[in-house]
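Here are a few exercises to work through with the structure open beside you. Try each task before you read its solution.

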Amino acid sequence: MSNLVFDESSSNREASHGYAWWFSGDTFEKAMAEDRKPRKRSLMHRLTSHPGRLTIIYFLLLVAISTSLLLMPIATPKGDTTDFTTAFFTAVSAISTCGISIVNSTTHWTTFGQAVLIFSVQMGGLGVMTFASLIALAVNHHLKATQRLLTASELGTTKLGEIKGVLAVVITTAFVIEGITFIALFPGLYKVNHGDVRHTLWESLFFAVMAYNNAGFTPDGAGLHVNNWAVGLPILASAFCGTLGFPVLLNLMRSWRMHRPPKRWSLHTKLTLITTFCIVATSLTWFLVVEWNNRSLFPDNSVEPRLWHAMVAAVMPRSSGFDLSWMPQVSDATKVFLSIVMFIGGGSTSTAGGIRVTTLAVILLVCRAAFTGRREINAFHRRIHTQAVMTAVSVSTACLALVTVVSMTLMIVTGCSLCDALFDTCSAFGLGGYSVGVADAGNPTALYVLAATMFIGRLGPMTIAYAVSRPRNLEAVRYPTEQIVVG
């Protein structure tokens with residue numbers, strides 16, 4: 001393609017047919033020429049010049065720090081110890097914002113140990129690409145074209161020049177939502193804790209961080225506070241915001257500030273919201289119909305508590321993992337259904353995992369186009385870019401293969417059923433935070449397999465692919481303004 005097509009200058013805006021590309025052809029060529037200049041590179045330059053590699057290094061470094069902190073005697077009550085496998089698995093689970101716990105978070109960890117969990121979840125939830133980019137900026141005073149490309153994909157921005165500003169907005173938005181959740185939780189937890197201000201402040205902070213980052217760790221052991229309206233509603237709202245993803249939140253905030261109607265929302269926002277609401281509505285209907293007689297899930301016969309428990313069950317398993325009390329008692333059909341929901345996950349660039357709801361939306365649109373004989377894939381009168389379709393198909397195929405292999409591996413090393421193996425695999429990959437017993441401290445092999453699955457689920461297959469194989473032509477992965485972030 002010629003530079004005329006990608007030029008964003010005001011003099012060439014009409015000739016570009018309204019497409020605001022991430023950067024112009026001239027800028028692209030200059031950036032690539034800069035990378036091709038032969039010069040002596042330091043070790044840090046060699047690490048940061050490869051797409052995605054710094055992200056993986058950052059993640060592994062966080063795991064090493066968190067594991068070391070959890071192994072310290074101060075992290076457990078006096079007389080108790082933590083073995084390496086438990087500390088490592090907990091660290092990976094926290095940094096990946098999955099939340100699968102093989103020990104009781106209330107009794108096994110001290111205040112220091114719980115603080116380590118909060119730190120790990122916060123660092124992982126803000127995004128490994130976000131902090132990796134900040135590190136690269138601090139070391140090199142600029143971002144490579146390839147690193148900026150991955151960061152733009154991670155954050156959902158449409159122009160590479162916006163990344164520095166968007167990084168600040170991402171962090172600010174996360175802390176603002178967590179702060180609002182903290183304030184909203186305090187009255188309900190204050191009543192639950194019978195006026196214990198110190199304990200209420202700590203639980204409010206713990207739940208606020210875990211809820212927005214969709215991690216299933218709880219300060220009360222089983223997470224039963226979620227069943228209290230005053231506590232559960234703020235957690236539910238915060239967790240739901242976390243699953244939407246920053247691009248959607250940013251687009252909604254800008255639309256609200258500029259008084260834009262819903263029809264002017266971005267295509268990515270529309271697909272994310274519609275697909276998310278459809279999944280939640282389907283899950284709600286499923287639990288009300290299939291699990292209506294399940295006393296573990298619906299201990300009360302009245303309608304209002306049943307609706308609330310069904311709503312918690314419909315929203316939480318997608319990525320949050322709060323309230324583990326009812327999960328082992330559900331039917332095998334519900335376990336398979338939840339496995340599918342966790343495999344889909346949440347919004348792109350969100351704190352959730354899975355293949356992402358936009359990936360599912362694109363796959364469904366591809367099927368519709370194939371069944372109706374259409375050559376182009378459209379949604380809301382906009383054509384979906386071919387690269388987005390290719391990414392959605394490749395991500396879905398790769399992730400399906402991963403879940404299949406891991407499930408069979410867990411069946412071999414634990415002897416569990418296919419249903420249980422599939423559930424824990426999808427929970428680890430989709431960062432759901434639930435387990436039906438496959439993740440057991442007595443089986444280190446299964447824990448390491450699940451930890452690797454959480455690692456892939458948090459980083460995403462595209463980031464790992466870029467880390468191990470640099471694309472020869474970055475033009476192949478550029479998107480127009482009306483992009484759909486998948487994978």
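Predicted model: local features only at pLDDT ≥ 70, side-chain atom pairs only at ≥ 80, totals over all residues.

**Exercise 1.** Find what share of the contacts in the protein chain with a separation of 6 or more comes from residues 24 or more positions apart.

*Solution.* Count a contact wherever heavy atoms lie within 4.5 Å. Residues 24 or more positions apart then account for 71% of those contacts.

Residues are numbered from 1 along each chain as its sequence is written, and side-chain values use heavy atoms, with hydrogens and water left out.

**Exercise 2.** Work out where the confidence of the protein chain is lowest and where it is highest.

*Solution.* Start with the whole chain: the mean pLDDT (the predictor's confidence in each residue, from 0 to 100) is 79, and 73% of residues reach 70 or more. Next, go by element: helix H1 (residues 3-6) is lowest at a mean of 39, and helix H5 (residues 84-95) is highest at 95. Residues 1-25 have pLDDT below 50, yet the model gives them 48 contacts beyond near neighbours in sequence. Residues 471-482 also stay under 50, with 33 contacts beyond four places in sequence.

**Exercise 3.** Describe how helix H15 packs against helix H18: what are the angle and the distance between their axes?

*Solution.* First, the geometry: H15 (residues 332-344) and H18 (residues 418-429) pack at about 25°, with axes 8 Å apart. The pair is therefore roughly parallel (angles under 35 degrees). Then look at who touches whom: the contact includes Leu 338 and Phe 343 of H15, and Leu 422 and Phe 423 of H18. By class, that contact splits into 9 nonpolar, 2 polar and 3 charged residues.

**Exercise 4.** Repeat this for helix H13 and H15.

*Solution.* H13 (residues 267-290) and H15 pack at about 170°, with axes 12 Å apart. That makes H13 roughly antiparallel (angles over 145 degrees) to H15. Among the residues in contact are Trp 286 and Phe 287 of H13, plus Phe 337 and Leu 338 of H15. The tally is 9 nonpolar, 3 polar and no charged residues.

**Exercise 5.** Is Gly 216 buried or exposed?

*Solution.* Locate Gly 216 in the loop between helix H10 (197-212) and helix H11 (229-244). Its relative accessibility is 8%, so Gly 216 counts as buried. Finally, its C-alpha atom is separated by 7.8 Å from that of Thr 97, 119 residues apart along the chain.

Methods
Axes fitted to C-alpha atoms, helices over the stretch in contact; angles between N-to-C directions. Helix = DSSP H or I, 4+ residues; strand = E, 2+ residues; numbered from the N terminus. Parallel < 35°, antiparallel > 145°, perpendicular 65-115°, else oblique. Nonpolar A, V, L, I, M, F, W, Y, C, P; charged D, E, K, R; others polar. Buried < 20%, exposed > 50% of the residue type's maximum accessible area, 1.4 Å probe, protein only.
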